[in-house]
Amino acid sequence: MNTLKVKQSKWILTEEGTDPEIIRQNETLFALSNGHFGTRGSLEEINSPSKYSNSEATLVNAFYDSEPIEYGEWAYGYAKEHQTIIPVPNGKKITLKLDHEIFDLEAGKTTKHKRELDLKKGILKRTFTWENTQGHKIDVEIIRFVSYDHKELLAQKITVTPYNDNNELEIITELDDLKELGSRKKDTSKDPRVKEQGERRFHSERFKKDSVDLLHIETNHTKCHLIVGEKDKLKGFKSPIYNKNNSEKFIVKTKKGKPVVLERLVAYSNMFDEEDKQEEIAQKTATILNETSVLGFENLLEKHIKHMEKFWNMSDIEIEGNDELQVGLRFNLFHLHQAAGRDGKRNMSAKGLTGEGYEGHYFWDTEMYMLSFFLYTQPEIAKQLLTYRYTILEEARNRARIMSIDEGALFAWRTINGKEASPYYPAGTAQIHINGDIAHAIYTYIKVTGDKHFGMNEGLEILVETARFYANWGHYDEKREGAFVLNNVTGPDEYTAIVNNNYYTNLMAKHNFKYAIEMVEATLESNEERGKDVLERINFKHPELENWKNAQKKMFLPYDEEQGLTMQDDSFFHKEVWDLKHTPKEKFPLLLHYHPLTIYRYQVNKQADTILAQFIFSHAFSHDQKVRDYNYYESVTTHDSSLSRSVFGMMASELGFMQKAYTYFMDTALMDLSDLQSNTRDGVHAANMGGTWMSMVYGFGGLRLIGDRLNFNPRLPKEWQAVTFKVTFRGRIIKVSIKKEKTEYKLIEGEPLVINHFNEERQLK
Ligand code: BGC
């Protein structure tokens, strides 16, 4: 970890000084969000790229614009439109003036500059002393948080304490509606993980409601609407308010030592549903601002801290033996919590709401990396994330038709609105494993929560439609003794594309069949009418069951008998092995330095693929098999994707390679704090953050859900004294404390339960 950049306590990340490089980096790390909207950790005085900012952005989940994708050469069925999350007006912009001199880090003299991200309270605090060129001084403290109690709300408190009497202090708050967007940097990088930016992609209109200034924003093409409003309150001083162009100006004559306090509330409400009326949302926004302004900053903060307490009480993981890691681990959990959409209409993007990287798109990352954390700590959020998939099921059906599959649904590889937005199909649409990933997540959700209602409604429908897709994509290959094969797909490893029988995909599809069969049979046998109605509505026919059973049984899973190795796909072992040892360091990640076809010709992996399959269904493989495969695939893997290390780490724990498990874990847990992937400026790596939680609970805790039972096989790295975490399972809360000499399981809430500890039954009462 680069400790020069971040000094830490067990709960607080501290940045000291005014080094522009560090401040720029922390723009991502210090982002605050609540799943509905987020705002980057930019300094108050900036609103466009500068020495101190890569890109200020306030992002509302799923608030995006689209435009046609321009292909040099088009082919049928290509994704048609980009979907790009777009920054909305910056509600953090504050200008401070002392005797007409404007504060910024380049003017006068700034000392004791410090920013602290307090993970426990969920706030960002900035303090400094500024002396203007005339030698007049002020102490400044700015606290900001994004509320969970009022999801629209960004709350800020600015406290200025003057050193002298009779200076003129001006505080100007601004709702910057990006009119000057030309000044935003046009990103000219060729990195496919970054989006192009630079244009203002909405128009805005100002109006008033209940004496609150509001801004109505409408995106150019998608016609997404947003109402933004602001309410300020100056405390202890009287000042006329100068109101102009979305900005308010307060001017006071200072009294030595007497703080000037400004409370500032900004609200972002979007109209998500067509039936949402602008008039009503505007009214709602004005009401929120008026009511919360009466409550006041301190009361709002108190409520916010209570929310955070509740969150940490269930979701914290404690490590004894490494304080630096402790805060790093909490940082990951904090950002996961911040990133998830909670209303069933929005999901969780690959960067959360911390940056514009990957355009705010949702990927398989949610189901296979982030969901576990919510499933076992806040299952109601897990449900909302899966419900989002149900809202885009119709688009997934359309996508299947475009792919000439007459039945079933294919979920988009990357999307916001459900339509495919990946312009590069070999590493996009070809990743049909996303169907199996979603099916696996749904099945696991039902098992972990016992939520039959979801299981027999949304869950059932998705399981059937995804299974139908696989049944139609694949066929029985006579040359392979009638095995069921899935050709021309790309597995998780994006350095190998368009292959036949990717092991991971086939195994996920096999389980997709199994889950669909189980849920359909349970529905047909039950007295519940709900599920039967669903089957009737989607025109389920009995012979489908037989077909799935057959395909499941005959699913082809490639294996090399000679080497005793699981094959990543039919062709993998026929390729030359990429010489990783002699590839210069500066040539990584390979995707930025080699043509895809160069990469595809070799045995080289971007990320865990076969090893991920073996991790998910680990009880189905022998120890020796897993060891052989692990050693082999590790030797050809670059970890150029941030989704890789956590999986290798968890498998290392399972196989007893504790040193490896520890090393992978350290890289995983500190990935963004140490900028391991060199692109944290574009946003955090949310999937890896989910991987961090999984590494602790599935990796070192050894948790596996087998059948209906939780199994723990805990293993502690020698570097730590103890690890403690909680999981919830079917209404219970279980506290697990792993120590060197023993592991304790304590039932904190709920009915007695039987679990397994290393294959030994334990009764929890
Ligand atoms: C990975 C994908 C992932 C995407 C978004 C890519 O680099 O290869 O597996 O879904 O990033 O995180």
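## Pro543 and helix H12

In this predicted model, Pro543 lies in helix H12, which covers residues 542-554. With a relative accessible area of 59%, Pro543 is exposed, because a residue counts as exposed over 50%. Pro543 and Lys510 are 33 residues apart along the chain, and their C-alpha atoms are separated by 17 Å.

The loop between helix H11 (529-537) and H12 holds Asn539. Although Asn539 is not a glycine, its phi is positive, at about 60°. Asn539 has a relative accessible area of 49% and is therefore partly exposed.

## Other backbone features

Asn166 also has a positive phi of about 60° and is not a glycine. This residue is found in the loop between strand S13 (153-162) and strand S14 (168-174). Asn166 is exposed, its relative accessible area being 57%.

A cis peptide bond runs from Phe588 to Pro589, with omega near -5°. Pro589 is placed in the loop between strand S26 (576-577) and helix H13 (596-600).

## The annotated active site

The unreviewed UniProt entry gives the annotation "active site" to Glu494. Glu494 lies in the loop that runs between strand S23 (483-485) and helix H10 (503-525). Leaving out residues up to four places away in sequence, Glu494 touches Trp413, Ala427, Gln431, Tyr600, Lys606 and Gln607.

Lys606 is situated in the loop between strand S27 (602-603) and H14. Its relative accessibility is 9%, so Lys606 counts as buried, the limit being under 20%. Beyond residues up to four places away in sequence, Lys606 touches Asp493, Glu494, Tyr495, Leu591, Thr637, Thr638, His639, Asp640, Ser641 and Ser644.

At 6% relative accessibility, Asp365 counts as buried. With its neighbours within four places in sequence left aside, Asp365 is in contact with Ala350, Met370, Leu643 and Ala687.

Thr610 is in helix H14. This residue is buried, with a relative accessible area of 0%. Apart from residues up to four places away in sequence, Thr610 touches Tyr503, Thr566, Gln568 and Tyr633.

Tyr633 is one of the buried residues of H15; the others are Gln625, Lys626, Val627, Asp629, Tyr630, Tyr632 and Glu634. Helix H15 consists of 13 residues, 623-635, and at 1.5 Å a residue it should span 18 Å. The C-alpha atoms at its ends are 18 Å apart, which agrees with that expectation.

## The covered helix H16

Helix H16, residues 645-655, is mostly covered, with 11 of its 11 residues buried. The buried residues are Arg645, Ser646, Val647, Phe648, Gly649, Met650, Met651, Ala652, Ser653, Glu654 and Leu655.

The cover over the buried residues of H16 includes helix H5 (365-377), helix H14 (610-616), H15, H17, H18 and strand S28 (704-706). Just after H16, Gly656 takes a positive phi of about 85°.

## Packing of helices H17 and H18

Two packed helices are described by the angle between their axes and the distance between the axes. Helix H17 (residues 658-669) and helix H18 (residues 686-700) pack at an angle of about 150°, and their axes are 9 Å apart. Because angles over 145 degrees count as roughly antiparallel, H17 and H18 are roughly antiparallel to each other. Their crossing is left-handed.

On the H17 side, the residues that meet H18 are Met658, Ala661, Tyr662, Phe665, Thr668 and Ala669. Their counterparts in H18 are Asn688, Gly691, Thr692, Ser695, Met696 and Phe700.

## Packing of helices H6 and H8

The axes of helix H6 (residues 379-391) and helix H8 (residues 433-449) come within 11 Å and cross at roughly 145°. The crossing of H6 and H8 is left-handed.

In H6, the residues that take part are Pro379, Ala382, Lys383, Leu386 and Arg389. They meet Ile434, Ile438, Ala441, Ile442, Tyr445 and Thr449 in H8.

Terms used: Residues are numbered from 1 along each chain as its sequence is written. This is a predicted model: local features need pLDDT of at least 70, side-chain atom pairs count only at pLDDT 80 or more; totals for chains, interfaces and linings use all residues. Side-chain values use heavy atoms; hydrogens and water are left out. Helices (H or I, at least four residues) and strands (E, at least two) are DSSP runs, numbered from the N terminus. The expected span of a helix is 1.5 Å times one less than its number of residues. Buried means under 20% relative accessible area, exposed over 50%, partly exposed in between (1.4 Å probe, protein chains only). UniProt positions are given in the numbering used here, feature names are shortened, and annotations may be inferred rather than shown by experiment. Contact means heavy atoms within 4.5 Å. Axes are lines fitted to C-alpha atoms, for helices over the stretch in contact, and angles run from 0 to 180 degrees between N-to-C directions. Angles under 35 degrees count as roughly parallel, over 145 as roughly antiparallel, 65 to 115 as roughly perpendicular and the rest as oblique. A crossing is left-handed if the near helix is turned anticlockwise from the far one by less than a right angle, and right-handed if clockwise.
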